[in-house]
Amino acid sequence: MKKVLYTIVALIAGMAFTSCNDDDWSYDKTLEHEYFYGPQVWGYDKPNSTSGIGNNNVVFYDVNQGETVAVPMQFWCEFKRSYDVVTYYWTAPKPDGEKYINALNKYSNDDLIPYEGPELVRGVDYEVVDKDGNVLTPNASGAFEMQWPNALKGVQNIYIKALNGKKGSFNIMTCEPGGTTPSASEVSSTIQHATGSYVVRIFSQNYRVTVNIK
């Protein structure tokens, strides 16, 4: 599984290198300022095996009530720019019946189970906070922002604090809940947002993680 993940990341990184490069090579210059953003963890490896569950939006994080969990997010670019890049993430209830895993002893699509838990609500069951525990407020569209100064690659954490509410699961997403689902067969669907200076893309196999409140 690790070899597969490394290959995928290498391919994505290769695209990022091209999209961030300033040299006058023979490449599509329309991709010059396209960047990639998504959860740092892509999947799980099955112990003593070269196969696992793959990159199917099944990564999860557990957190106990009253505690905080960090969810690392990664931004890909190899060059410094004169502008800052903004990326977004959302939290959303896990739809009833959505397939997911909640234990590391499950390693194939056959082990995906439908969600049958309660609908968790931000501000009641959990909060999005900063590293110091201060509650963050989303923008008018419900999105939380991450800033990447000078478009420099790196990893930043989303911090989720579980309150003393219900136990269950919810999603962190890099696409707007209820919007277009990213698809490998429809390239335009992987655009998170675009400005006059850059485009941010997300991944069809890694746009969602699950947070389980225990």
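How many bridges join strand β1 to strand β3 (residues 68-76), and do the two run parallel or antiparallel? Four bridges join them, and the strands run antiparallel. The legends below refer to a predicted model.

**Figure 1. Strand β1 and its two neighbours in the predicted model.** Strand β1 comprises residues 34-39, and six of its six residues are buried, so the strand is largely enclosed by the rest of the structure. Its four bridges to β3 form an antiparallel pairing, in which Tyr37 has Phe75 of β3 as its bridge partner. With strand β12 (residues 199-201), by contrast, β1 runs parallel, joined by three bridges. Here the bridge partner of Tyr35 is Val200 in β12.

**Figure 2. The open sheet that contains β1.** Six strands make up this sheet, in the order β7-β9-β3-β1-β12-β11, and their pairing is mixed. The edges are formed by β7 (126-129) and β11 (191-194), each of which pairs on one side only. On average, and with direction ignored, neighbouring strands of the sheet are turned by 25° against each other. In a regular strand, side chains alternate between the two faces of the sheet.

**Figure 3. The aromatic pair of Tyr37 and Trp148.** The structure holds 14 aromatic pairs. In the pair shown, the ring centres of Tyr37 and Trp148 lie 6.4 Å apart and the planes meet at 65°; the angle is over 60 degrees, so the pair is edge-to-face. Tyr37 belongs to strand β1 and Trp148 to strand β8 (residues 144-148), so the pair ties together parts that are 111 residues apart in sequence. Tyr37 has a relative accessibility of 0% and therefore counts as buried. Trp148, at 3% relative accessibility, also counts as buried. Both residues belong to a cluster linked by ring pairs, which consists of Tyr35, Tyr37, Phe75, Tyr83, Trp148 and Tyr198.

**Figure 4. The aromatic pair of Trp42 and Phe203.** The rings of Trp42 and Phe203 form a tilted pair, with 4.8 Å from centre to centre and 55° between the planes. This pair links distant parts of the chain, 161 residues apart. Trp42 is located in the loop between β1 and β2 (60-63), whereas Phe203 is located in the loop between β12 and β13 (208-213). Trp42 counts as buried because its relative accessibility is 7%. Phe203 has a relative accessible area of 8% and is likewise buried.

**Figure 5. The polar contact of Glu34 with Arg201.** Glu34 is found in strand β1. Its relative accessible area is 11%, which is under 20%, so Glu34 is buried. The side chain of Glu34 is joined to that of Arg201 by a polar contact of 2.8 Å.

**Figure 6. Glu78 and its contact with Lys153.** Glu78 is found in the loop between β3 and β4 (85-93). A polar contact of 3.0 Å connects the side chains of Glu78 and Lys153. Glu78 and Gly154 are 76 residues apart along the chain, and their C-alpha atoms are separated by 9.7 Å.

Conventions. Residues are numbered from 1 along each chain as its sequence is written. This is a predicted model: local features need pLDDT of at least 70, side-chain atom pairs count only at pLDDT 80 or more; totals for chains, interfaces and linings use all residues. Side-chain values use heavy atoms; hydrogens and water are left out. Buried means under 20% relative accessible area, exposed over 50%, partly exposed in between (1.4 Å probe, protein chains only). Two strands pair if DSSP finds at least two bridges between them. Rings of Phe, Tyr and Trp (its six-membered ring) pair if their centres lie within 6.5 Å; planes under 30 degrees apart count as stacked, over 60 as edge-to-face and the rest as tilted. A polar contact is a pair of N or O atoms within 3.5 Å; within protein, one must be able to donate a hydrogen and the other to accept it, and residues adjacent in sequence count only if both atoms are side-chain atoms. Axes are lines fitted to C-alpha atoms, for helices over the stretch in contact, and angles run from 0 to 180 degrees between N-to-C directions.
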